[in-house]
Amino acid sequence: MKQILLCIGILAISSTNVSIGADKNKSSRPNVLFIAIDDLNDWVGCLAGHPQAQTPNIDRLAKRGMLFTNAHCASPACNPSRAALFSGKMPWKTGVWSNKSKKLFRRHPKIKVLPRAFSDAGYVTLGTGKMMHSGAAANRVMFDQHFDVHQRWSPFTRKSVEYTDAELPSKGSNNPSHLVSLKGAKKVRLPLNRMPSDRNPKSNGGESFDWGPLDIPDSAMGDTQITDWAIQKLKSNFDKPFFLGVGYYRPHIPLWAPQKYFDRFADTPAELPFTKADDLTDLSNTARKWAIEPVTAGLHATVIEHGQWRSAVEAYLACTTFVDHQIGRLLDALDDGSIGDNTVIVLWSDHGWHLGEKQHWGKWTGWERSTRVPLIIVPPKQVADRFARAGSKCDQPVSLIDLYPTLGELCDVPVPSKLDGKSLVPMLRDPKTSSQGVLTVFRKGNYSYRTQNWRYIRYTDGAEELYDHRIDPHELTNVAADPKNTALLKDLRQKAEKSQVSR
């Protein structure tokens, strides 16, 4: 009888355990709150990328878990970055190299992306907002439940931002003008920044390289609406663990947000990013072309000509604070319920974004501003003692490609055997766990390799760059041609090439 009672007691104790890489009891597996932010660089408080960044909710999340200060994307554009993260495979394996590539599910309809692995393991999967680059179409494929709203042009519709035939000739001029109505019959003249279109002057589509405040409530923005839906789901009663993905669009261009997020700059204008006038002189012609061309945004020369640099910085910071507020609402809802103690929280951005550094605007470069991303992982409170103390930082280079195997290990979810990333769980336990380096690719033949102290870049024509982050965090001085770096350059070149074979 005593043995029976002892066995019952052991079973009762084990059933309360949270599954973190050991316990196979599905009912105890942790939930996952997976927060994505589009185009967010290190301009958040906890990363100190800009002195006027106001992101109190992202900062409080960092204090709850591990902040990876040297995290990078697999590719610095929405489509290839997200395809790599959700598939766990680098671009040369998926064929998704750029925003112009076919979407992941068109190339690989049956590929087991991250949410599908969780669904197969018994999780209920829910998704909203921009998770994959194809947005709503991908959400319908990836998640059991999904909610989608129009985010890119919030608070306008895609159709409403199109230029009329009469307005179109103005789009590429110094007096662009498109009238659009907000709810309540308010007329707004776009673009707000009054700049000509550099990329699409002859297309009647809306010009996204725009910024400024709008007289609207938060509720008019798509990012607010997806937060509302996610909060409702967090209040639901789940009979099995859940994976909830919430994808925020801002601070992707156009940098529009409610007026109140801009008000703080009326008395204290934003500081411009640190730049160097002759920053491009030590680069190859190829690299200068990558810097200057308006591939994902507009021309730096146009921004300067129209005196819009500071306004753009203020708009980016305003949009970041707006999204941070929505994240705060989401975290409050999680903590108010009974599920918060047994939830893994991950916050990430798909890539960084230039705001004039190296005379570039947008992403799609191999430099730090484009590849570096915020990454925070918070283990469940119930098992916090199994990991490094809350508020720890890991300075080792890591990649977003590592998230798939990491969540698989944290939640005891079987993952495909040939993923390109490595689990970050050892770093979550000990942030000093070493990492050799991470690779970022931008179109075939162009790649960047980041170690703890160095960045190495190589272009298809063989041009190379090398930056010492110990003394040059802004990557202002290319030291690839310095003879004393010959051995180091060879070593990094070999490691970068090897990582493209081994991954």
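This is a predicted model: local features need pLDDT of at least 70, side-chain atom pairs count only at pLDDT 80 or more; totals for chains, interfaces and linings use all residues.

Modeller: Residues are numbered from 1 along each chain as its sequence is written, and side-chain values use heavy atoms, with hydrogens and water left out.

Colleague: Which strand do the buried residues of H9 pack against?

Modeller: H9 spans residues 285-292, and Ala287, Trp290 and Ala291 are buried there (under 20% relative accessible area, 1.4 Å probe, protein chains only; helices are DSSP runs of H or I, at least four residues, and strands are runs of E, at least two, numbered from the N terminus). They cover an arc of only 100° around the axis, which puts them on the same side of H9 (the arc takes directions from the helix axis to the C-beta atoms). With contact meaning heavy atoms within 4.5 Å, the buried residues of H9 pack against strand S21 (464-468).

Colleague: How many residues of the largest cavity's lining are charged?

Modeller: A cavity is a set of points on a 1 Å grid over the protein atoms alone where a 1.4 Å probe fits but cannot get out, and lining residues have an atom within 4 Å of a point. Lining the largest cavity are residues including Trp153, His178, Glu207 and Asp210. Asp, Glu, Lys and Arg count as charged, Ala, Val, Leu, Ile, Met, Phe, Trp, Tyr, Cys and Pro as nonpolar, and the others, Gly among them, as polar. The lining divides into 6 nonpolar, 2 polar and, for the charged ones, 2.

Key: Buried means under 20% relative accessible area, exposed over 50%, partly exposed in between (1.4 Å probe, protein chains only). On a 1 Å grid over the protein atoms alone, a cavity is a set of points where a 1.4 Å probe fits but cannot get out, and a pocket is an open set with protein on both sides within 12 Å along at least five of seven lines; lining residues have an atom within 4 Å of a point.
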